[in-house]
Amino acid sequence: MPEFLELHSKTSKLLRAAADNAVQRHGLRLGQDHLLAALWAQDGRTPGEIAAAVNVTTPAVTKLATRMAEAGLLERRPDPHDNRLVRLWLTPPGRALQAPIEAERQQLEDRITATLTKTERAQLLKALTKIHQALVDGASWA
């Protein structure tokens, strides 16, 4: 296995576990924080809009939204202009999670990059951005 792919895979698994642990402290599962973040940025999005924003499928968003609506974090409302569409809206408890979840994510990022210099961190972010863009540009590879 190529060195980068192996190291990235191992790192990604550990990072996902750490991120999942961080959001679980607030009653969430990994992925739910991304859906909430999309609504914190712009409340009232459709599941399709959220799926595009967080790079998952619309059915995945719909499944997450169902669980989150049952937990009282968001609600579904019909689109006022197109009854075929449903829009997702934060409830007060969903909105209240923004500060603690963003703090958890920042603390995790700070802990995992603590051994990097500012220059190394900037270089890492630049390199990951380039890799991400190469994958977006070559999405047909998947």
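**Terms and values**

Analyst: This is a predicted model. Leaving aside neighbours within four places in sequence, T46 is in contact with L85, V86 and R87. T46 itself lies in the loop between α2 (32-41) and α3.

User: Why is T46 called buried?

Analyst: Buried means under 20% relative accessible area. T46 has a relative accessible area of 8%, so T46 counts as buried.

User: What makes P93 partly exposed?

Analyst: Partly exposed covers what falls between buried, under 20%, and exposed, over 50%. The relative accessibility of P93 is 42%, so P93 counts as partly exposed. P93 sits in helix α5 (residues 92-96). Leaving aside neighbours within four places in sequence, P93 is in contact with G72 and L73.

User: Why are α3 and α4 called roughly perpendicular?

Analyst: Angles of 65 to 115 degrees count as roughly perpendicular. The axes of helix α3 (residues 47-54) and helix α4 (residues 58-70) cross at roughly 110° and come within 8 Å. The two helices are therefore roughly perpendicular to each other. Their crossing is right-handed.

User: Which residues make the contact of α3 and α4?

Analyst: On α3 they are P47, G48, I50 and A51, and on α4 they are T58, V61 and T62. By class, this contact has 4 nonpolar, 3 polar and no charged residues.

User: How far apart are P93 and A19 in sequence and in space?

Analyst: P93 and A19 are 74 residues apart in sequence, and from C-alpha to C-alpha they are 21 Å apart in space.

How values were computed
Residues are numbered from 1 along each chain as its sequence is written. This is a predicted model: local features need pLDDT of at least 70, side-chain atom pairs count only at pLDDT 80 or more; totals for chains, interfaces and linings use all residues. Side-chain values use heavy atoms; hydrogens and water are left out. Axes are lines fitted to C-alpha atoms, for helices over the stretch in contact, and angles run from 0 to 180 degrees between N-to-C directions. Helices (H or I, at least four residues) and strands (E, at least two) are DSSP runs, numbered from the N terminus. Angles under 35 degrees count as roughly parallel, over 145 as roughly antiparallel, 65 to 115 as roughly perpendicular and the rest as oblique. A crossing is left-handed if the near helix is turned anticlockwise from the far one by less than a right angle, and right-handed if clockwise. Contact means heavy atoms within 4.5 Å. Ala, Val, Leu, Ile, Met, Phe, Trp, Tyr, Cys and Pro count as nonpolar, Asp, Glu, Lys and Arg as charged, and the others, Gly among them, as polar. Buried means under 20% relative accessible area, exposed over 50%, partly exposed in between (1.4 Å probe, protein chains only).
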